[in-house]
Amino acid sequence: MKKTKVFVTRIIPDKGLDLIKEFCEADVWEGELPPPREELLRRVQGVDGLLCLLTDRIDGEVMDAAGERLKVISNYAVGFDNIDVDAATARGIPVGNTPGALTDATADFAFALLMSAARRIPEGERFVRDGKWKTWGPMLLLGMDVWGATLGLVGFGRIGKAVARRAAGFDMRVLYYDPHAKPDPQLKATPVDFETLLAESDFISLHTPLTPDTRHLIDAEALSRMKPTAVLVNTSRGAVVDMDALYEALRDKRIFAAALDVTDPEPLPANHPLLTLENLVIAPHIASASVTARGNMAWMAANNLIAGLKGERLPHCVNPQVYK
Ligand code: DGY
């Protein structure tokens, strides 16, 4: 009988990798950068399972390169816009993701970004390090109050709700826009339409998956409807925001600031105009980068992979229709 083989497209925490290695033969891509396309197509040949990252584009070509033995694709992420799920479903391949593992880490980080942009912390740090700080000043680096402000959440799933819980500690009024969300009686949050959210929020935090409907949801038009004092926070996917429109809105001070953990593209080129702006706070897609969250993601991704290899239902499957 042939040995069960998998390709793992990057080194992930041992909490998951050890499980995988105990169960089957794992070919692990050890590069710091993702495997180049040619390498990915070569390394998947004949595997029974694929554990991939959001930096890998997994489409029908990859699935066909893997061939008939491919039984499962396990994404080391909660988002799965890097995978052509329809192509996987058409081939009867279940796709797994890691919901829940990174909820609190991401919500913590969204709040940290919100506060950093509101109170201009990175800008203040640059100011000090650049030797520009001469004295205490009544008008120096004035920011926006978080306490008691209105927070608008676009997306009220696990992470949006976790941000709402944090906002309660700052006595914020919480609005949310999410056509798919069920109200949560435990949380003081009001469902509103998109227009109301844009017009009334002091802070807008994005927690929606990237789909054809949400691509460029925050475009020039949406930005023009925000308050001039508004702060936009994005920890979802870069392409939910039109980067060019955001650049113009920030440059012309049509909104107060933005804080991005995700960009389009990723990484943002070093000469991108957004990086010249003081009212932009930026991070390299690290909202889930806590030791606990990344370990839990690895464990969940490994369990999805192993379940698929055993022919069992994935604990977290994004295309359960493959089981019908
Ligand atoms: C995810 O899991 O989708 C996150 O973006 C990873 O940080």
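These legends go with a set of close-up views of a predicted model. Residue numbers run from 1 along each chain as its sequence is written, and side-chain values use heavy atoms, with hydrogens and water left out. As the model is predicted, local features need pLDDT of at least 70 and side-chain atom pairs count only at pLDDT 80 or more, while totals for chains, interfaces and linings use all residues.

View 1. Around the ligand sit L54, A77, V78, G79, L102, R237, H285 and S288, where a residue makes the list if one of its heavy atoms lies within 4 Å of the molecule. By class, that shell has four nonpolar, three polar and one charged residues. The classes work like this: Ala, Val, Leu, Ile, Met, Phe, Trp, Tyr, Cys and Pro are nonpolar, Asp, Glu, Lys and Arg are charged, and the others, Gly among them, are polar.

View 2. G79 takes part through its backbone, with a polar atom 2.9 Å from a ligand oxygen. R237 uses its side chain instead: an N or O atom there is 2.7 Å from an oxygen of the ligand. H285 also brings in a polar side-chain atom, 2.8 Å from a ligand oxygen. On its own the ligand has 230 Å² of accessible area, and the protein covers 91% of that. Accessible areas come from the Shrake-Rupley method with a 1.4 Å probe, and for residues only the protein chains shown count as cover.

**View 3. A nonpolar patch on the surface.** V128, W133 and L140 make up this patch, with about 290 Å² of accessible area together. Patch members have over 30% relative accessible area and no salt bridge; nonpolar side chains (Val, Leu, Ile, Met, Phe, Trp, Tyr) are joined within 5 Å, like charges within 9 Å. V128 belongs to helix α6, residues 121–129. Helices (H or I, at least four residues) and strands (E, at least two) are DSSP runs, numbered from the N terminus. With a relative accessible area of 44%, V128 is partly exposed. On that scale, buried means under 20%, exposed over 50%, and partly exposed in between (1.4 Å probe, protein chains only).

View 4. E125 and R129 both lie in helix α6, four residues apart, or about one turn of the helix. Their side chains meet in a salt bridge at 2.6 Å, N to O; the cut-off is a side-chain nitrogen of Lys or Arg within 4 Å of a carboxyl oxygen of Asp or Glu. E125 is partly exposed at 40%, whereas R129 counts as exposed at 67%.

**View 5. Two salt bridges between separate elements.** The structure holds 22 salt bridges. One of them joins D48 and R69, whose closest N and O atoms are 2.8 Å apart. D48 is in the loop between α2 (37–43) and β3 (49–52) and R69 in the loop between α3 (60–66) and β4 (72–75), so this pair ties together parts 21 residues apart in sequence. D48 is buried, at 4% relative accessibility, while R69 is partly exposed at 25%. D104 and R166 form another salt bridge, 3.0 Å from N to O. Since D104 lies in helix α5 and R166 in helix α7 (residues 158–168), the pair ties together parts 62 residues apart in sequence.

View 6. Most peptide bonds are trans. The bond from D264 to P265 is cis, with omega near 5°, and so is the one from E266 to P267, with omega near -10°. P265 lies in the loop between β11 (257–260) and β12 (280–282), and P267 lies in the loop between β11 and β12 too.

View 7. Most residues other than glycine have a negative phi. R120 is not a glycine, yet has a positive phi of about 55°; its place is the loop between α5 (103–118) and α6. L141 also has a positive phi, near 50°, and is found in the loop between α6 and β6 (150–154). R120 is partly exposed at 22%, and L141 is partly exposed at 24%.

Conventions. Polar contact = N/O pair within 3.5 Å; in protein donor to acceptor, adjacent residues only side chain to side chain.
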